[in-house]
Amino acid sequence: GLQCAGAPNVIYTSPSPLAIFRYLAATLEIRMAPSTCGSATVAWTQVGGPLVSSFSGANTTKLYLPAYSVPFNSTVYFRYSARRGSSPETTGTIQVETVRAPLQAVITGGGRTVSELADLVLSASQSVDLDQAPGSLLYRWACRNLGIAAPCVDARTSNPLVLADAQNITLPAGSLAVGNYSLTLTVKKESRLTNATTTVYVVPSGAPTISLGTTFGPGRVNPGQRIVISPALTLAPNTSVVSYGWSVVSGNITSLSLSTRVLTISENALQLQAFYVFRLSVTVLVATADRKRSTTAATGFADVSFMTASAPSGGTVAVSPSEGYGVTTAFTISTLGWINPEAPAALQYQFFYTLPGSSAVAIGGVGYSPTAAGVSLPAVRQPTNVTINVKCTSVVGVVGEARTAVRLLPAASGVDVSATVDALLSSAA
């Protein structure tokens, strides 16, 4: 009794202050010393700062703060209290403050050849502020002639090229002479700014202009899905396509057919969390103007680049109580701590149980709730460790898993579950 009365409760806490990015989930944790002094009782409460929109695990040693739950540019405070059995209560406060995430600048429409007689359209529409702070993004574009290492000149007027401070810009045909150019986008919001650069190759009028379409949208790509990249060509008069050729500019891939018009990438051929650039080169024959059946060859190319997604990671799953009876005990299963930068607010969960020697059985469907309450597990004839696991699926379909175990006991005295047991054994046979 005296030993329990003075037993330490908490031996570790998350750092305070704890700096987090608002767009990522966060976990506050305390750890308690092993003890035989009784079960632990833990409670978390918010005691300061703007109201946090949601959190879970308030009665466990880990408090989970979902992505975007902590208000923008704020500091909040959580108090924990913990005790074990009759030992004194231990309390403390952890300060959490959001730090500004960098802006992300993205250019689409570059990384390709463009005919000198075609418009060049560039877009910054995929640029984002992951903080989702109030206000709008501001855009500024700059152009540089790589051949002479100087600012771009409008080939139609010989004056400096003027680019609009807009999300999307169009350079009319003839604005840039044949040559290689870098286009730099600066994205700004409040005191934050970031840059992105792309290269455009303006080619003689006979070369094809290529645009690449993909089966995936903006953001990171699930390497577990089949990917198709197909070209749309703009050809000058009196031209015909001779060949298509794909190349891998960046990234590792297990196998790929590169001499086709449409590039098809099989499921799981790409690595997780890797940067890829694929280039299509198209060679055409251009009939000469003298109509004497002589031709010249011209080649154009276009790149498509993307980042593959990472699997959700860092999550845990817990069952309360950790021991109980089949059929009659109502278990609560919860998961927290998952980290996924693609779209942390859109994670979905599904729970499963697995009896020894059997396949996994789903506990309900896929949903956004990280908790399943009132779960009834099967009856058993003898004490059995049952595996509980959760599949956490990102917005692009990449899956992370975590597992734990719960101990099931035979039915409590006086409870007849023989019919349930026999039915389960019959279905498993």
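**Exercise 1.** In which sense do S13 and strand S14 (residues 192-203) pair, and over how many bridges?

*Solution.* The model is a predicted one.
Step 1. Take the pairing: S13 and S14 are antiparallel partners, and eleven bridges connect them.
Step 2. Look at the connection: two residues lie between S13 and S14, which form a hairpin. In the turn, glutamate 190 has a positive phi of about 55°.

**Exercise 2.** Find how strand S10 (residues 138-145) pairs with strand S13 (residues 179-189).

*Solution.* Step 1. Strands of a sheet can pair in a parallel or an antiparallel way, through backbone hydrogen bonds.
Step 1. For S10 and S13 the sense is antiparallel, with eight bridges.

**Exercise 3.** Work out the strand order of the open sheet of three strands, and state which strands stand at the edges.

*Solution.* Step 1. The order is S15-S16-S18, and the pairing is antiparallel.
Step 1. Strand S15 (209-214) and strand S18 (263-265) each have a single partner strand, so one side of each lacks a neighbour in the sheet; these two are the edge strands.
Step 2. On average, neighbouring strands of this sheet are turned by 20° against each other, direction ignored.
Step 3. Between S15 and strand S16 (residues 227-234) there are six bridges, and the two strands run antiparallel. Threonine 209 is found opposite threonine 234 in S16.

Terms used. Residues are numbered from 1 along each chain as its sequence is written. This is a predicted model: local features need pLDDT of at least 70, side-chain atom pairs count only at pLDDT 80 or more; totals for chains, interfaces and linings use all residues. Side-chain values use heavy atoms; hydrogens and water are left out. Two strands pair if DSSP finds at least two bridges between them. Helices (H or I, at least four residues) and strands (E, at least two) are DSSP runs, numbered from the N terminus. Axes are lines fitted to C-alpha atoms, for helices over the stretch in contact, and angles run from 0 to 180 degrees between N-to-C directions.
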